[in-house]
Amino acid sequence: MKTLNDNKIEITNTKKSPKRLSPEQRKQQLLLDAIPVFANRGIGRAAHADVAQKSGVSVATAFNYFNTREELVDAVLDYVAAYYIDLAKSFHHKEEAVDNPARVLQDHAVAFIGCAHSEPDLVKIWLEWGASVRDDCWPKYLRFQEEVLDIIEPTIANGLQNGHMQSQLTARELAQILFGQAHPISLASFAPNPPTQNMMRFVQLGMQALLGIK
């Protein structure tokens with residue numbers, strides 16, 4: 001599974017010698033440092049100054065790479081979206097999605113739940129983003145949602161067509177329900193001492209019932 005660390009460019013002595021980084025490395029550093037800042041302060045409160053402090057650079061440097069707050073927010077949300085899209089593709093864009101679609105959907109769900117432990121900052125940003133119906137966030141979230149549904153839907157359609165699943169709902173409708181359930185399940189993962197094994201079992205049984213998995 002792809003993790004946040006997979007996208008990191010090796011950076012050394014950033015606070016002591018910031019000029020040693022190339023522009024590409026500096027922008028990547030600022031973006032990666034923005035992730036925990038946005039996770040902790042929230043999409044609406046995180047600012048260039050917070051990211052600059054985290055990266056050990058001046059506020060002017062942060063603005064040099066992300067000229068406006070909107071640009072900074074967009075970059076962070078695009079990063080979060082890319083993570084979840086890549087995760088979905090890693091399961092659904094392979095031969096098993098045709099041969100054993102139920103297994104692919106369940107494996108994707110298990111990996112998704114695991115993100116709360118492997119990449120909690122990304123999950124926190126996604127949770128807030130999915131609950132923010134503000135004009136500056138919601139349209140981008142809907143586009144992200146549609147892209148994920150486009151990845152999941154063919155797997156469900158294969159399952160319905162080959163008889164591995166049975167439902168009166170369309171593949172798109174089933175994909176929408178699964179996506180909608182991801183939010184409360186991820187929230188539950190941040191409860192004190194979450195019952196992870198019970199959650200996994202609940203998700204698997206729920207998917208079997210919803211999708212009519214045989």
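Buried here means under 20% relative accessible area, while exposed means over 50% and partly exposed is in between, with a 1.4 Å probe and protein chains only. Cysteine 137 is likewise buried, also with a relative accessible area of 0%. A disulfide is defined as a pair of cysteine sulfur atoms within 2.5 Å, and by that rule the count is zero.

Some housekeeping. This is a predicted model, in which local features need pLDDT of at least 70 and side-chain atom pairs count only at pLDDT 80 or more, while totals for chains, interfaces and linings use all residues. Residues are numbered from 1 along each chain as its sequence is written, and side-chain values use heavy atoms, leaving out hydrogens and water.

Now the overall picture. The protein has 10 helices and zero strands; these are DSSP runs numbered from the N terminus, helices being H or I with at least four residues and strands E with at least two. Along the principal axes, the C-alpha atoms fill a box of roughly 60 × 35 × 30 Å. Of the 214 residues, 44% are buried.

What share of contacts between residues at least 6 apart in sequence joins residues at least 24 apart? The share is 66%, where a contact means heavy atoms within 4.5 Å.

Next, helix H7, residues 120-130. Its buried residues are Leu122, Val123, Ile125, Trp126, Leu127, Trp129 and Gly130. Which helices do the buried residues of H7 pack against? They are H1 (23-41), H4 (69-92), H6 (101-118), H8 (138-161) and H9 (171-188). As background, an α-helix has 3.6 residues a turn, so residues three or four places apart point the same way.

On to the annotations. An unreviewed UniProt entry places the feature "domain: HTH tetR-type" at residues 24-84. UniProt positions follow the numbering used here, feature names are shortened, and annotations may be inferred rather than shown by experiment. In the model, residues 24-84 are 80% helix and 0% strand, with the end C-alpha atoms 23 Å apart. The unreviewed entry also carries the annotation "DNA-binding region", covering residues 47-66. That span, 47-66, is 75% helix and 0% strand, and its end C-alpha atoms lie 11 Å apart.
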